[in-house]
Amino acid sequence: MRKSFSIARTAMLIVLAFALAYASVSPCPAAAESAPPAAAGQVLLLYDSLALSTVRQGNVETIERLLAAYGARVVAMAFDRYTAGTLKSYSRVVVVRNAPDLSANDTLASELAAYDGDYLQIGGQTLPDRVRARLGLKLTPAPPDMIRIEAGDYGQALSTVADLDFIAGTSADAKRYGTLTSMSDGRRMPYAAAAGGYAYASCLSAGGLTELALAYVLKDWLHAAGDFGAYVLIKEVYPFSDLALLKTLADKLYDAGVPFVISVKPVFYNTSYPAMQRYLQAMQYVQSRNGSIIVDAPAVAATSTAADGSLRGKMSGFIELLADNGIAPLGMGAGLSWAYDQIYASEGMSFFDSVFLGPDPQGQQVQPGGTSAAFAFSPYVMPFAQLQDFERRSIAPHTPLPLNLAFSFDLFRDAASMEDAVDAIARSWIPFSDLKNGAHAVRTDRLTVQSSDGSLLIDGKPLDIDKKGREVDADYAYTAAPKTSFTKLFGVQNRILMVIIGLSLAVFGLFFFIGYRRYRRKFLYRGGSHDAF
Amino acid sequence: MTPFDILMLISVICIWSLLLVNVVLIVAGYLFYLQTDREPVPALPELPPFVSIMVPAHNEGKVIVKTVESLLALNYPHDRYEIIVINDNSSDNSSELLSGLQRRYAGRNLIVINTDKTTGGKGKSNALNIGFAQSKGELIAIYDADNTPEKTALTYLVAEIMADDRLGAVIGKFRTRNRNASLLTRFINIETLSFQWMAQAGRWKLFKLCTIPGTNFIMRRHIIEEIGGWDVKAIAEDTEISFRIYMMGYRIKFQPKSVTWEQEPQTVSVWFKQRSRWAKGNVYVIVKNFPLLFNRSAARIRFDILYFVAIYFLLVSSLIVSDLLLILHALGYVKTTIAGFSSFLWLLAITLFVVGTYITLITEKGEMKLSNLWLIMLMYVTYCQLWMVVAAYGLYNYFKDLVFKREVKWYKTERF
Amino acid sequence: MNQPESANTGAIAAYLKRIFTAATRYASPSLLAAAAVLAISAAALFVKPYIGMADNGDYFRVLYSNGIYFNAPDYASQYFGYFIKHYGIFQYFNENGATLSSSQSLFIRTALQLNIWLLNARTFDIRIQAAIYLILYTVAVYMLVEALTWGAPAKRGYTIASIAVFLFGDTAYTAYFNSFYSEALMLVMSLFVLASGLLIYRRRFNDYAMLAVFVVSSLLLVTSKQQNAPLGILIALFGICVLLARTDRPYRLSAAGGLALLCVVSIASYVLIPQEFVNINKYHAMTRGVLPDSSNPEKSLEGMGINGQYSLLSGTIYYEPYTTIDVNSNQMLTEFYGKFGFGKVLAYYATHPGQAGRMLNLAAKDAFTTRPEAMGNYEKSAGLAFGAQTHFFSVYSTLKKTLTPKTFGFIFLWLIIVVGLYLPSFVTAVRTKNRRQAVRLPLLLMMILLGLAGIAISIVGAGDADLAKHEFMFTIAFDLVTFTTVSDALLGRLWRNVPLRPGAAPAATAV
């Protein structure tokens, strides 16, 4: 019943979306024409503060990642960096209010008031009148109290959130998302409400269920459609990691019927070393156990500069190395900051149409850019531990996910923690998707790696994932032996001389024996006979 | 492969072939020792021949008295030998000391010839020629001014040469009187012992050839007369005489039981001067006699010439070339890619050197000491390397003299 | 027509000779050398365009801990490229802590105080520091040349003095004075150590005063940076010869005390100061030292208890822009840096002499470069290219860099030749129990070993990374020892005993 309802609602929303699109284009074609085309499909993200050292810290990054998961290109901007007229170029705006004491400056406030595109606000009591009116929003300050949130199949108790406002009332046609329950009085309020391109969500904090709750809002607000999947993502896989453990993990997940993705750290040097061969073998093994490989972003030194220019060659080299070894990387794993760096995006990520964006609060950038890079497929990365903090409302989840979601693990330290995790994955009852069932492509100048419907293709040729790779060369020559001449001659001479000298030594030994006896007889017993001086 | 490689290869082959030749010589020399050690020395004839002992001296005041006294004390019948000291152009008190000796041993055959700048002073060969003119013995023995022969030394030499008509000369052994004076004299002691057993005894055993060492040897008078005395141009008059004797078809025998004790240089600089003089002299002789290599009648001495050529030209130049290449290589100026012998082989070779030298040492009383083993090892890295410098310097001086036509004169070995 | 000309030249010659004799009377070679070095260096350091050295990123630690900060707005863009002469002085609390971890701080703080008194309380002018160093340097040059030329015939004495100017007036050296690198201090103190040692040997000045200079300059040298700490033990060891120069009790006691102090300070500064064998050096010690040349890097790593997979880092540098693993990550700390120290690397080279030899050869390639490459000498305002280096009075360093064979074999031969040249006089001195004469060879050997230890420490400590700068100790040692040898050779003092007592006539030294 629920399902049919959701289909009906989707259909309605699509109709509505068309209507809205039409509405937004037709009244003011001039504005649309004057807007820079690049900004047309972009989302402008405005925030009052990053809310450092509060429970809301990181929520700007979270919304950025959520938007990225829907393939949205984002321009993020703090209120005080806002320049007049920016708003005109955008048809979608997200406003994050973290600090009620900081208000938008007059320019921004007036432009927001005049703005008539899609609008989403998270938190805060001040909204553009138009939005407030359309949503019929009535906000009341939440009591300083434990709040429980429910979204999808999960629930979670939120610790006290300062300056939280409840949605006390909405207009009738507004769609409500999730529920917030005040633990003291049991009042149940919607987490968010949306109507006609406008939406409001009460709060967002990184690392909690609000992420998922907001995703439901965003899915509708961005008109995203399709089937979303859940993925198991193993991160922090280094050539220095316990590769045997990685193989065991692959076996366990394979046995549990869980397809998974490992994000391998790239190696740019010494790729012919046995150590690298072992790394590649581990990847081949993982691949044969229904694991998919994605390339993790390299670590960036604090001293890196935009002028370096080596990233493209390094990344494509690594991709090609993998492909040459029968490994099909299907995407990339990176911190969010990568998508916001011009160099990273253009030199390091342009090979991929699928990128798993994880949080990286201290990401090192070399050339921060205005607009984020967007990808056709970009699952939202959430640590599996975070999911485990959620209360499940039923044993098996049955609400469709609002976005592609990758549950991440760092490669385990030991077998015990790995067992626990595999167990937890199995008990989560989540039907995990196989990355290679989707269409993903990685293109370098030399080759193309693709996946579709469960098969892997390199330059269009299917890859045999069960093929064994090269053995590790036990006698690998790390240093080139110096070139020598006359080696043969000296070899022969060596042997001849050794025999001669050996024989001579034997003769000398005999002489010594005789000489020694004679010496003793001559000089030690009878005293010197003729040698006296 | 570079040109340096080929140069290096040639050097290495030269060095190793000479090592092998020396091994053969040591074996032969040692066999000689084992064979003759217990053989008695032939007896003197009923009437021992009259012997003239010649002692060339140039400013030898410090040692001459002792030398003459020990010559006077020989157990050879006193009336059957004379001692001729050629005090050649000395500026020290030699002549007074010698006349004092003459007075003290008035009844003995002690002749002192004093020369000055005009009559002498033209080197050892010239001095010997002067002495020879005054001598009357049918055998001529020669001792250096710094020698202390054992009592039996002359008797053995005479007995040996009288026992075999084919012998043109007989040489005795010399040992180091001051072997404990310094590290250098210890080295010299080891060197002289092993050299004599190896080169002299070994060559005698194999080719019936020896080289006259300049002291403690005896020759037949008529041979000297036939060859017209000593070549005044030769500094290494001994080697020169040896070649002449071979050419006459005689043999030179080594009689190790005739022993003289010699004073050796105690400091490196003195040693260096002395040895480079020898080296130069030997080079002179080699060059002079080199044509003999292609002379049919000289078949017997080919080995000797080759041996000397090998040591003074091939070995020295090989060592210099290889060391030079090593240095240039170390400085990064040349690049050799030549393969090397295994380090084990080098180790074996050094062991061979040490053992070979050691077994020649234990033929002598008091030399079978562990300390000698260490000394030989030390010698390998110091003394033997210095020898190369000496030989090279000698070679250089020879050619310098050749170019500048310098006159031969006394090279004085400093005494202590 | 020829007549007057030759008469003329004769007159000129006579005139020159008069000047020469006059000069001899008033300016000894040492005084002249010191004055010339002072003049040339002052011209380089204090006359526009000022010559100094660009920051390679090392200034931060030493400046901020001494109450100085970068106040140039575009400081970061001038790294490596331009010399900067003005810095800000912290007016209030300095949160970087005022730790005194190297003797360099003493000089910076003295300069800072002078700057505040004389110039400005807010802006620090690095030239104040340069002035302090230069004055000390001038004294050191005077002492060194005096030790070598005292009692020498005038002409040769002046020849040696001019060689000294040629070598030590070189801007590759003196430019360091306008920098916050500890090399400046090392340069000055090395000169003092050798000069005071030689002066004791020649009994030129008061022995106690020279002993004090010897000990103090050694102390300052070994504490100038932590890498130098082991050098103190070396100096103390060879300093025993200086101690033996005299037999009287007070002298021996004070010398023994000084050397013991040196030893203690050296050990203490190595042990007590927090390990500065920091990640970057550890990283390079392994990836630029042990691994690249190892026949089996995995085995090498496993021998030190490190996962052999880290062999993949072989040859990489710490500043690699894009890397497999963050060089500062916890994983690296526990699995890599945490597994080895200086000792293990040293032990590794000790057991792999072939590899150590190849590293030494590699080190030799930079051992004759006084001035690190790509390190600008000029201020940005001088308008020269980024990283431009001065050619003013730098013939010697340029010649040295281009002409010397860059192999360790050369260094080895140099060592053998120097020791060989001085050995006979040393042996004679020992034989004749001439204690003072026996000071010279050990002193020079000490300088040589200081230089070699510098190379060894830099290889063990940071592989081949930044060798040119780490090998500065060798650069100085090479110049000092070569200079001493050349001047002794010129004066014919290599083999024979050198006149020591004031009573000895200078003529006795003539060859």
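Tutor: Two residues are in contact if their C-beta atoms, placed from the backbone, lie within 7 Å. This is a predicted model, in which local features need pLDDT of at least 70 and side-chain atom pairs count only at pLDDT 80 or more, while totals for chains, interfaces and linings use all residues. Residues are numbered from 1 along each chain as its sequence is written, and chains are lettered from A and ligands numbered from 1 in the order in which they are written.

Student: How many residues of chain B are in contact with chain C?

Tutor: Chain B contributes 5 residues, which meet 7 residues of chain C. For classes, Ala, Val, Leu, Ile, Met, Phe, Trp, Tyr, Cys and Pro count as nonpolar, Asp, Glu, Lys and Arg as charged, and the others, Gly among them, as polar. The side of chain B that touches chain C has 4 nonpolar, 1 polar and no charged residues.

Student: What does the contact between chain C and chain A take from each chain?

Tutor: It takes 24 residues from chain C and 26 from chain A. On the chain C side, 7 are nonpolar, 12 polar and 5 charged.

Student: Which strand of chain A is joined to E4(C)?

Tutor: Strands (E, at least two residues) and helices (H or I, at least four) are DSSP runs, numbered from the N terminus; two strands pair if DSSP finds at least two bridges between them. Here 2 bridges join strand E15 (residues 299-300) of chain A to E4(C), and the two run antiparallel. Val300(A) stands opposite Tyr322(C).

Student: Is Gly438(A) buried or exposed?

Tutor: A residue is buried if 20 or more other C-beta atoms lie within 10 Å of its own, exposed if 12 or fewer, and partly exposed in between. Gly438(A) is buried, because 21 other C-beta atoms lie within 10 Å. This glycine lies in the loop between helix H14 (415-427) and strand E21 (440-443) of chain A. Leaving aside neighbours within four places in sequence, Gly438(A) is in contact with Phe377(A) and Ser451(A).

Student: Where in chain A is confidence lowest, and where highest?

Tutor: The predictor's confidence in each residue, pLDDT, runs from 0 to 100. Chain A averages 83, and 90% of its residues score at least 70. Confidence is lowest in helix H2 (residues 29-34), at a mean of 33, and highest in strand E13 (residues 260-264), at 95. Over residues 1-40 of chain A pLDDT stays under 50, and the model has 17 contacts beyond four places in sequence for them.
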